[in-house]
Amino acid sequence: MLRRPALTLCAAIAALTLAFTQNAPAASIPTLSEGEHVLVAVEPLLASMQIAYTLDAGRLVVGDHAYIGPMVIDDGMHYAEPRAIASFLNLSLVYENGVMTFAPPAPRAGAGGTAPSADVIQKLRNRLLDLLNAHRAAAGLRPLVFDSTAGSAAEMQAEDMETAGIMRHTDSEGRSPFQRFKSVGGHASLYGENVAYYGLQISDEENLWIAIDKLDVMMMAEQPPDDGHRRAILNPAFQSVGFGVASGANGTYLAEDFFAR
């Protein structure tokens with residue numbers, strides 16, 4: 001029996017997280033043949049990679065991000081297409097000598113070492129603003145304007161998340177996104193935030209952009225009603241946005257703060 005996961009509404013302020021640790025050869029994980037395709041058992045894969053998840057009534061969620069691909073249920077176990085589940089979990093998938101191996105992506109040149117410079121962060125903010133406005137233009141919406149106050153609030157949260165090693169909306173002082181915005185002098189009638197995590201420390205612009213673009217692709221691929229990140233990006237009421245990017249020993253963290261006056 002082939003099922004698509006039942007999706008439910010994300011929180012008003014949504015979050016995205018990906019976590020992984022060790023390699024997982026598929027030889028130790030059950031597989032299922034479906035015609036010419038070989039599917040991999042989801043629960044053992046997640047357990048072997050030590051990824052926290054919920055899986056209920058065909059709905060797989062990592063953090064607050066739902067898997068939107070099809071899954072086959074066989075004898076109480078969920079099976080998914082290997083490349084699709086690897087992409088969702090931000091894992092590399094290697095086929096060698098008839099064995100599938102799932103692993104965290106290997107660091108590229110520029111990954112690790114030092115934090116990105118202020119110049120790199122500014123360039124990333126400009127590229128991300130262009131990307132989000134391209135999404136909005138495709139939906140017939142007015143562009144967002146970068147706001148430095150929202151940018152300060154978003155940067156505070158990105159740095160706070162990286163320092164704590166936790167992806168969240170409430171910061172280490174217990175403040176909500178709107179409370180952070182107000183603390184730096186912001187005023188708004190409507191406020192929203194997307195936060196996201198990528199599991200590598202990256203210092204150069206191009207590799208950071210690859211990571212951020214991948215997170216954006218996942219946000220924009222969300223399907224209603226479980227599409228809180230996508231809806232924030234395409235909310236016609238939002239007028240302005242600020243971005244925060246932090247990358248260090250605990251990985252790369254992104255905050256997108258949207259608001260309307």
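## The largest pocket

On a 1 Å grid over the protein atoms alone, a pocket is an open set of points where a 1.4 Å probe fits, with protein on both sides within 12 Å along at least five of seven lines, and its lining residues have an atom within 4 Å of a point. In this predicted model, the largest pocket is lined by 14 residues. H65, S87, F88, M218 and A221 are the ones nearest its centre. Its volume comes to about 250 Å³, where volume is the space filled by probe spheres set on the points, with grid points joined across faces, edges and corners.

Which elements supply at least two residues each of that lining? They are β7, α2 (82-88) and α6. Those labels come from DSSP runs, numbered from the N terminus: helices are H or I runs of at least four residues, and strands are E runs of at least two.

## Reading the numbers

Residues are numbered from 1 along each chain as its sequence is written, and side-chain values use heavy atoms, with hydrogens and water left out. Since we're looking at a predicted model, local features need pLDDT of at least 70 and side-chain atom pairs count only at pLDDT 80 or more, while totals for chains, interfaces and linings use all residues.

## Two nonpolar cores

In soluble globular proteins, nonpolar side chains tend to be buried together. Here, a nonpolar core is a set of buried Ala, Val, Leu, Ile, Met, Phe, Trp, Tyr and Cys residues joined through side-chain atoms within 4.5 Å. Buried means under 20% relative accessible area, exposed means over 50%, and partly exposed is in between (1.4 Å probe, protein chains only).

The largest core has 27 residues, and L124, L128, L132, L144, I212, V245 and F258 have the most contacts inside it. At least two residues each come from α3 (118-138), β13 (190-198), α6 (205-220), α7 (228-233), β14 (240-248) and β15 (251-260). The largest share, seven residues, belongs to α3. Take I212 as an example: leaving aside neighbours within four places in sequence, I212 is in contact (heavy atoms within 4.5 Å) with L124, L128, V245 and L254. There's also a second, separate core of 26 residues, and Y79, I85, L93 and M100 are among its members.

Helix α3 has 21 residues and reaches 31 Å from its first C-alpha to its last, close to the 30 Å expected. That expected span is 1.5 Å times one less than the number of residues. Buried residues in α3 include V120, I121, R125, N133, H135 and R136. The buried residues of α3 pack against β12 (145-146), α4 (148-164), α6, α7, β14 and β15. Just after α3, G140 takes a positive phi of about 75°.

Helix α4 has 17 residues and spans 24 Å between its first and last C-alpha, close to the 24 Å expected. Among its buried residues are A150, G151, E155, Q157, D160 and E162. The cover over the buried residues of α4 includes α3, β12, α5 (177-183), β13, β14 and β15. S148, also found in α4, is exposed, with a relative accessible area of 52%. S148 and G186 are 38 residues apart in sequence and 9.7 Å apart in space, C-alpha to C-alpha.

Over in α6 sits M219. Is M219 buried or exposed? M219 is buried, at 1% relative accessible area.

## Strands and turns

Strands of a sheet pair through backbone hydrogen bonds, either parallel or antiparallel. Two strands count as paired if DSSP finds at least two bridges between them. Three bridges join β5 to β6 (residues 59-62), and L55 stands opposite L60 in β6.

Elsewhere, β10 (residues 92-96) and β11 (residues 99-103) run antiparallel, joined by five bridges. V94 stands opposite T101 in β11. The hairpin of β10 and β11 has two residues between the strands, and N97 there takes a positive phi near 55°.

Most residues other than glycine have a negative phi. A57, in the loop between β5 and β6, has a positive phi near 55° and is exposed at 62% relative accessibility. D75 lies in the loop between β8 (71-74) and β9 (77-80). Phi of D75 is also positive, near 55°, and D75 is exposed with a relative accessible area of 79%.
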